[in-house]
Amino acid sequence: MDPVTLGVVALMGAVATIGGAAEDLESDIGSQSNPNSQVQLAPQMGHLHRMINKAASGEPVAYGVWCGVAGAIAYILISLLGIIPGFPVIAIAIGAAVAACVHAIYTVTSHMGRIVGQSQFEQPLFMDVLTQSLGPIVGHGFITSFCIVGISYLMTIPIGWSDPLHVFPLPLLAMLWGIALGAIGSSTGDVHYGAESEYQKFEFGGGTPVAIQGDIVTKAPLGAKNSMDVVNFCAKFGGPLTGFCFGLVVFFSFWNTVVFGIYGGIVVGIIIVILLIIMNDRLEVFARNKYGPYEEE
Amino acid sequence: MSAGGSADGAAAGAVNSTHLLIMGIVGGLLCIYLSGFLGDIVGPVIAAIGAVLAIVWGADAIRRVASYGLGTGVPSIGYMSLSVGVISALAGISLATILNMTIAGPVLALVIAIIIGAIIALIATKIVGMKIPIMLQCTIEIAGAACLAIFAFSTAIVGSYDMLAIYEGVVATGFIAVLFIMCTMAIQHPFNACLGPNEDQVRTLKCAASTAFLSMTIVGMLSSITGGFGWAIVLVVGLIGWVISFRAFVQASCNDAASTRWAGLWPNVDE
């Protein structure tokens with residue numbers, strides 16, 4: 001076991017936690033991905049709104065693009081000027097900045113396209129909603145791309161006395177981890193409060209069955225409900241939980257092989273997976289016994 | 001997500017789909033071949049424009065197939081077809097090198113994409129049982145467009161469609177993954193972004209042109225790794241094309257919106 005590599009793996013887990021949290025909060029501002037993506041059905045249901053509708057694909061493809069672009073730009077800059085000490089950090093930041101611009105452009109096209117696609121229901125195109133949400137969306141996206149390309153870069157360089165953790169080039173790794181993060185943000189983050197905020201008039205825990213899709217809450221305690229209200233609601237649990245999940249995924253992807261070697265690492269990995277399956281099963285059985293099945297009124 | 005598509009199934013549009021198909025195939029192939037003769041400065045720009053044409057064609061094909069109510073399947077069919085595109089592009093240039101006919105690479109890649117696309121579509125309709133009448137034609141078209149887009153962007157990055165150059169400059173550097181995901185986004189995003197009962201083909205195609213030129217701008221940055229000044233021209237031409245198409249899309253959206261407001265609440269309709 002190499003203590004320096006282990007320390008770097010721990011750092012990667014911490015960075016991934018920050019990136020994961022930012023990713024989920026970004027998708028909550030943009031009402032991206034299911035189940036909080038049903039904003040586009042709201043005008044048809046008679047609810048005109050002031051929410052952002054950022055339907056830039058699902059989160060996995062979207063984050064594959066942002067992180068892939070950031071990784072590719074960083075890779076070029078590092079291969080040109082990488083010998084300057086500390087330059088890789090600047091290169092990754094420049095890459096993430098370019099990705100943030102791409103992110104902003106896709107956000108604008110998807111919001112405008114979806115709102116105008118509903119124009120027969122008299123849904124106005126609110127430009128102030130777009131401009132005030134664009135900064136938080138792109139800012140969170142920048143943090144995420146920076147974190148993902150950062151951990152991908154740490155995988156590609158030799159650390160301490162060890163070989164690099166991975167042999168793939170930086171752009172490929174950044175894209176793959178971007179897709180992984182998007183998938184985790186979509187599966188873990190969405191079920192924690194994004195939908196609960198938009199569908200807060202329905203009983204908690206009921207999910208979003210097809211019958212209520214688009215039947216969102218459009219008014220806040222003061223004035224119109226907007227996407228900032230949703231992200232404020234999600235910042236307490238949804239974002240950190242997604243970050244924690246992604247951080248653990250990154251950490252356990254490398255910790256077992258760093259500590260136990262390749263073959264020992266595979267065995268430990270299988271044990272971890274079995275333990276997680278048992279824990280999930282216990283948790284679900286506990287929840288079902290305690291709260292019972294969901295009953296329609 | 002059942003908001004997708006118009007109620008009448010196959011989406012009619014102001015621009016004839018056959019014209020877009022011809023523009024994509026002939027334009028895409030022609031640009032790739034022309035880039036081989038035009039040298040390191042102009043060649044990459046022409047190749048990248050071929051990719052833009054292919055992406056616009058692919059976006060229209062996505063629009064037609066997704067109008068049957070694919071909904072969340074819009075990104076999925078994009079993902080699937082782009083993977084066909086990557087495999088067929090690499091298989092095409094490899095086969096051309098094995099046959100010792102480098103010049104046949106782009107055509108072979110397109111043919112392989114069509115064959116794989118057809119097999120996938122047949123599996124989807126006959127075995128999986130998807131009831132979309134134009135699934136076969138559209139999957140083939142999207143796979144073909146994906147293949148040409150990947151091929152043309154790879155040519156733009158390394159300045160030739162020689163197998164060794166592409167493997168060194170695009171595959172070994174990992175840019176192939178970025179091209180894959182970026183073209184997926186560029187092809188599937190326009191319809192996914194514009195879907196709804198008031199979707200309009202011309203507006204969607206304006207969005208497609210903007211995503212294609214945006215990808216071209218990024219490819220311009222990526223091609224700086226091979227040196228020379230070709231990359232700067234790709235970047236500048238991509239940026240100009242993006243500004244024009246993005247402006248056209250935003251103007252069309254503002255014109256077609258029920259109303260455009262900078263403040264205030266929604267109108268009282270039926271609440």
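# A first look at chains A and B

Helices α1(A) and α7(A) are roughly antiparallel to each other, because their angle of about 155° is over 145 degrees. Welcome to this predicted model, in which 47 residues of chain A are in contact with 50 residues of chain B.

**Helix pairs in chain A**

- Two packed helices are described by the angle between their axes and the distance between the axes.
- For α1 (residues 3-29) and α7 (residues 238-291) of chain A, the angle is about 155° and the axes are 6 Å apart.
- The crossing of α1(A) with α7(A) is right-handed, and the contact of these helices has 18 nonpolar, 10 polar and 3 charged residues.
- A second pair to look for is α2 (residues 59-81) with α4 (residues 127-156) of chain A, which pack at about 55° with axes 9 Å apart.
- That angle makes α2(A) and α4(A) oblique to each other, and their crossing is right-handed.
- On the α2(A) side of this contact you will find W66(A), C67(A), A70(A), G71(A) and A74(A), and they meet G141(A), S145(A), I148(A), V149(A) and S152(A) of α4(A).
- Sorted by class, the residues of the contact between α2(A) and α4(A) are 6 nonpolar and 4 polar, with no charged ones.

**A helix pair in chain B**

- In chain B, α1 (residues 17-37) and α2 (residues 39-66) pack at an angle of about 160°, and their axes are 8 Å apart.
- Helices α1(B) and α2(B) are therefore roughly antiparallel, and α1(B) passes α2(B) in a left-handed crossing.
- Residues of α1(B) in this contact include L20(B), L21(B), M23(B), G24(B), G27(B) and G28(B), while those of α2(B) include G43(B), P44(B), I46(B), A47(B), D60(B) and R64(B).
- The contact of α1(B) with α2(B) is made up of 14 nonpolar, 8 polar and 2 charged residues.

**Where the chains meet**

- Contacts between the chains involve 47 residues of chain A and 50 residues of chain B.
- On the side of chain A that touches chain B, at least two residues come from each of α2, α3 (87-116), β1 (125-126), α4 and α5 (170-198).
- That side of chain A has 28 nonpolar, 16 polar and 3 charged residues.
- Strands take part as well: β1(A) and β1 of chain B (residues 260-261) run parallel and are joined by 2 bridges.

**Two buried residues in chain B**

- V86(B) sits in helix α3 (residues 73-98) of chain B, and it counts as buried because 22 C-beta neighbours lie inside 10 Å.
- Beyond its neighbours within four places in sequence, V86(B) is in contact with I150(B), I176(B) and F180(B).
- V86(B) and A113(B) are 27 residues apart along the chain, and 8.9 Å separates their C-alpha atoms.
- Y161(B) belongs to the loop between α5 (135-158) and α6 (163-171) of chain B, and its 25 C-beta neighbours inside 10 Å make it count as buried.
- Setting aside neighbours within four places in sequence, Y161(B) is in contact with I32(B), G36(B), I93(B), G105(B), P106(B), F151(B), T155(B) and I166(B).

**Two residues with positive phi**

- Most residues other than glycine have a negative phi.
- E122(A) is a residue other than glycine with a positive phi, near 65°, and it lies in the loop between α3 and β1 of chain A.
- With 15 other C-beta atoms within 10 Å, E122(A) is partly exposed.
- N100(B), which is not a glycine either, has a positive phi of about 65°, and its place is the loop between α3 and α4 (105-127) of chain B.
- N100(B) counts as exposed because it has 7 C-beta neighbours inside 10 Å.

How values were computed
Residues are numbered from 1 along each chain as its sequence is written. Chains are lettered from A and ligands numbered from 1 in the order in which they are written. This is a predicted model: local features need pLDDT of at least 70, side-chain atom pairs count only at pLDDT 80 or more; totals for chains, interfaces and linings use all residues. Axes are lines fitted to C-alpha atoms, for helices over the stretch in contact, and angles run from 0 to 180 degrees between N-to-C directions. Helices (H or I, at least four residues) and strands (E, at least two) are DSSP runs, numbered from the N terminus. Angles under 35 degrees count as roughly parallel, over 145 as roughly antiparallel, 65 to 115 as roughly perpendicular and the rest as oblique. A crossing is left-handed if the near helix is turned anticlockwise from the far one by less than a right angle, and right-handed if clockwise. Two residues are in contact if their C-beta atoms, placed from the backbone, lie within 7 Å. Ala, Val, Leu, Ile, Met, Phe, Trp, Tyr, Cys and Pro count as nonpolar, Asp, Glu, Lys and Arg as charged, and the others, Gly among them, as polar. Two strands pair if DSSP finds at least two bridges between them. A residue is buried if 20 or more other C-beta atoms lie within 10 Å of its own, exposed if 12 or fewer, and partly exposed in between; C-beta atoms are placed from the backbone.
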